[in-house]
Structures are given as structure tokens and as C-alpha cells.
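Dear colleague,

I am passing on the model that we talked about, and I would be glad if you could look through it before reading my notes. The notes follow below the structure.

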Amino acid sequence: MGLKIASWNVNSVKIRTEAVSQWISEAQPDVLCLQEIKCQDNSFPRTLFEDLGYNIALLGQKSYNGVAILSKWPISDVTLGLPTFPEDEQARYLEAVIGLPDEAVRVASIYLPNGNPPDTGKYEYKLRWMDALRQHARTLLTYEETLVLGGDYNVIPTPADAANPAAWVGDALFLPDTRRHFRGLLNLGLRDALRACTNEAGLYSFWDYQAGAWQRNNGIRIDHLLLSPEAAGRLEASGIDKHVRGREKPSDHVPVWAVLN
DNA sequence: ATGCCGGGCGAAGCCCGA
């Protein structure tokens, strides 16, 4: 069977309760990292997901951001926010240990800042956040655990990850500094799960609501699962559930997933 | 196309996302 770990920016969990429960019922992930839940912990639809058989860890925030981890297995050792960025005021990082019957797997749900427009403090914040993530990931890797850092990285890693890369030149998702910081994560020894399985172009995880981006398949791949060497050695498959974007009231992102043996 | 759609908030219109 394997351990299925997924990540999905749902763009408001309250609006997306039906879509999320439908996908969960079909895809049956063991662990699901959610981003942009856009609600405080006390208004998260907790019982809905508990009834589907999930334990829940939350770092909510009013109106914006907010991350969650759902797990069929027990959750412990929850970390709220990046330990390397304690003054961060935005709910963008949640980490927990998933207790499988005979092992533990560490998982993080990440909502990396967008960073636009690039000539502002928003971009400085993005790069600072990426520095803090790299610093923390370096520590996590010393544990030599099965580790999955899943989330909306707001990074287009390469031109092959955009339908129209020229349109993203100068954008905070694709600037050389952004891509350099992302490579910094990979160069720690983390592996992009999807790219460990395929070099195929045309695989996207986000399509803008505007300008018929979905209808034209004008997408970008910005949601990623980064794996420690221990996790990468167990990787059986990885994919993107593109069809979810074509449903009623979709998020602009779709679920990405990996299966470990 | 530095906002065309679609969220939140809160009850009109602005802030935000990528």
C-alpha cells in the first residue's frame, strides 16, 4: 500500500470543505498538508475531518494564511512556526511527527510567502523566510529521519515548470534570487518528489482564476514535496491531481502527492 | 493584463493572492 503524503493549498478551508472532503475520500491520503486555510483554529471544520478518520494539527490565523496537517496516524511533537523565525507574525509553518505503527515520519506544511511585488519589503520577507526555512531544514536533516516538507513554496523551480516561462520573468515566483534560494534547499540534500519521478514538462499545480488560465492550461508548478534522503530512498510514486482544478468551486491549486514504501 | 477571478471581512468596497 505505502504511505501517501499530500499537500494542497485550498484557498480557504471553509469555502472548500466539500471539495476537500471529496478529494480525501477518493485519494485517501495518510497525511494531508493544507495551506491557506484562512481561519482561526476555533473555526476550522474539525469534526468534518475527524469523521473522515483524521487527527488534526493546526496553525490558524484570521483572514489570511494558516496551515494544517491531517493524519490518519497519531500526531505528536507539533512545532508551530519556523523555530528559526520566531518573530514571524504570519501562520505559514507547521511541523509534526506522524506516529506509524513501527516508525515515525516528520512532516511539515509550508505556505511560503508570495513575495510580489519584488521591489518591496514583501520580497525581502520572502527571501528572509526562505533563509529561515533553509536554516531549519539543515537542522532537521541532521536527525536522519524520513522527512517530508510539503507545501505551497511559491517558487517556479525551472522554466519547464511554467507553461509560459517568459511571462514570469521578473516575478517573485521566478526571480533568480528565488530560484537560487530554492536550489539552496535542494542542495542541502532535499529532493523534489515529483522531479525524482519524472522530467516531464507541462506538469502544473496552480492555474490562475483569471484570463482563462485553466482553460488554456496556462499553469505553473509551485507546490512541492521535498524529501530527506531517507524519504527519497523510499519514494515509490509522485503525482499531481490536476483533474481537481476542473471541478465546481475549485481552489486555484490542486493536490500534489507522494507515496513512500 | 502590477488583478480580468475569487477569497476575507462585513455589509461597500478595499486588501490580498500568484
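Predicted model: local features only at pLDDT ≥ 70, side-chain atom pairs only at ≥ 80, totals over all residues.

The residues of the surface near DNA strand B divide into nine nonpolar, eight polar and eight charged.

Several side chains approach phosphate oxygens of DNA strand B, among them Glu36, with a polar side-chain atom 3.0 Å from such an oxygen, and Tyr111, where the corresponding distance is 3.1 Å. For Asp152, an N or O atom of the side chain lies 3.5 Å from a phosphate oxygen of DNA strand B.

Turning to the fold, there is an open sheet of six strands in the order E5-E6-E7-E8-E12-E9, with mixed pairing. Strand E5 (75-80) and strand E9 (191-192) stand at the edges, and because each has a single partner strand, one side of each is left without a neighbour in the sheet. The partner of E5 is strand E6 (residues 93-100), and the two pair in the antiparallel sense over four bridges, with Leu80 standing opposite Leu94 in E6. Helix H3 (residues 121-141) lies across E6, strand E7 (103-111) and strand E8 (146-152), and runs at about 25° to E6.

Notes. Residues numbered from 1 in each chain as written. Chains lettered and ligands numbered in written order. Heavy atoms only, no water. Polar contact = N/O pair within 3.5 Å; in protein donor to acceptor, adjacent residues only side chain to side chain. Nonpolar A, V, L, I, M, F, W, Y, C, P; charged D, E, K, R; others polar. Pairing = 2+ DSSP bridges. Contact = heavy atoms within 4.5 Å. Axes fitted to C-alpha atoms, helices over the stretch in contact; angles between N-to-C directions.
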